[in-house]
Amino acid sequence: MVLASQAQHGMWITEMMHGGGTAYHMPFALWFDGPLDRGAMLKACESVLARHPVLGCAFEDRDGELHLVPAADRPPVAFAGAADTDDLLREEIARPFDLGRGPLARFTLAEVGPARHLLLFVGHHLVFDGMSKDLLVRDLAAAYSGGPLPPLPMPYGAAATIPPEAAAYWHEHWRDRPTVVIDGMAGTARTAGRGETVLLDLTGEMSGWEGVGVTRFELFLAAVHALLFRYGNAEPAVAVAMSTRRPETREHIGLFATELPLYSAPTPDTTLAELAHDLRARLRELNRFRDIPAARAAGGIRPRPALAPVSISFRRRAADVVFPGLGVVAEWKMSNHMVRNVLHLQAVDGDDGLRLTLHHSPDVIGREHVERAGEHLRAVLAADPGLRLADLPLPTAAPMAAPAPVEAPVPDATAGTVDGELVEQIRQIWMEVLRIEELAPDEDLYDLGGHSLTITQIGARIRKRLGVEVPFDVFLDDPTVAGVAAAVSELRA
């Protein structure tokens, strides 16, 4: 049993509160052509599981702290003969994970034809990130070839604190930007929703940027910010997936990434190159706090599926590895059929070029707008870096739609009065956890600086002292002492 990382705790509480469906499922497929040794491949999968113990874990809240514990069962390694691959992929990606029981990873090897096989891995994001795909392929190839895979120690377990400079940074920089305009459409993602994808090949669009003095990721990020600015977003907000790997964890499969919001404030006269260099500087500053979740450092941010309406994951994949006697095709950008924000741009930069998948929810923004946004992005990447943002050669965007009216919640006239002693007991727990000397029963937890760790600590003390397990969604529906007391009173009844 070891302590979970701050990133794992934040993701865990988000799923427990929102119910992420498959939003955190990470599928990865390898297609093999040739005389595959089925027994050797299944044994290789077992070797990977033995090398990376995090894949055999579950998560448990103990007294307000999240721990990785052994799963109730070993991760399955299954074989399916002559499978319908479309059905197999759909069913295995959709099959839920139990975070409290585990396991949070599974392998399925399917025989598609006499000389064709599919190996599908599905892992929960709590124990698997984008770079883990490269490590998974490398270790599978080594094990399949008969090479040794020495086990690695569990890479978590250290209690983490929030440095004062990180808290100061996020208090200054945090901006709540739940809505984004894309191609004339205003979208807000309040929960994870069903996802669809648009695929783009952008290999030839970045050749004019070599002399600008930024990385390919930085210029891609600048192009996205420029496009959002041209769409009418005065201060574009984009959540960026950043690696938190260190030399001691670079060989480990697991969650060693965080998603942090990055803001810009360009003007119409800002050039693409200037925006790229400004974002480069902002990234350098942000990188100092990459281990610190923004929501916990800033405080007062309600747990949500995404910290910004648009997000980017941009990964340079490793070189291809060899499975002796086999042709191999990897699906680096498989969809889990859900999306946590309005638009997620998943880019994989390899020796064969830059491939981009635009993930979106059709319930928030229509496919035609996403396709047009993809072509607009292509135009920005192909533009002269010295162009002002006002002069970018973008096709005309669709007119902005009026936002839908938001209905005010109707008060529950049937709600009963909660016992005053119970309210006082819970108020005392809040003051202990928040380390404040006074608060009113109707004050909002997040206005008081609460965050994901606060919620689990309050819940743990209520469980220990009052014998009641408070559902996490109570802290979304009514995050006040009075609201939690009412939930406890109802659960006791």
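Student: How do you know whether the radius of gyration of the chain agrees with that of a compact globule?
Tutor: Keep in mind that this is a predicted model. A compact globule of 493 residues would have a radius of gyration near 23 Å. The chain has 24 Å, so the value agrees. Along its principal axes, the C-alpha trace spans about 70 × 60 × 40 Å.

Student: What share of the 493 residues is called buried, and by what cut-off?
Tutor: Buried means under 20% relative accessible area. In the chain, 54% of the 493 residues are buried.

Student: What makes up the contacts with a separation of 6 or more?
Tutor: Contact means heavy atoms within 4.5 Å. Residues 24 or more positions apart account for 78% of these contacts. The chain holds 13 helices and 18 strands.

Student: How do you know whether the span of helix 1 agrees with its number of residues?
Tutor: Helix 1 covers residues 6-18, which is 13 residues. At 1.5 Å a residue, they should span 18 Å. The end C-alpha atoms are 18 Å apart, so the span agrees. Just after helix 1, G19 takes a positive phi of about 70°.

Student: Which residues of helix 1 are buried, and what covers them?
Tutor: The buried residues are Q6, Q8, H9, M11, W12, I13, T14, E15 and M17. Their cover includes strand 3 (57-62), strand 4 (65-70) and strand 7 (116-124). Helix 8 (294-298), helix 11 (452-466) and helix 12 (474-477) are also among the covering elements.

Notes: Residues numbered from 1 in each chain as written. Predicted model: local features only at pLDDT ≥ 70, side-chain atom pairs only at ≥ 80, totals over all residues. Heavy atoms only, no water. Helix = DSSP H or I, 4+ residues; strand = E, 2+ residues; numbered from the N terminus. Rg over C-alpha atoms; globule rule 2.2 N^0.38 Å. Buried < 20%, exposed > 50% of the residue type's maximum accessible area, 1.4 Å probe, protein only. Expected span 1.5 Å × (residues − 1).
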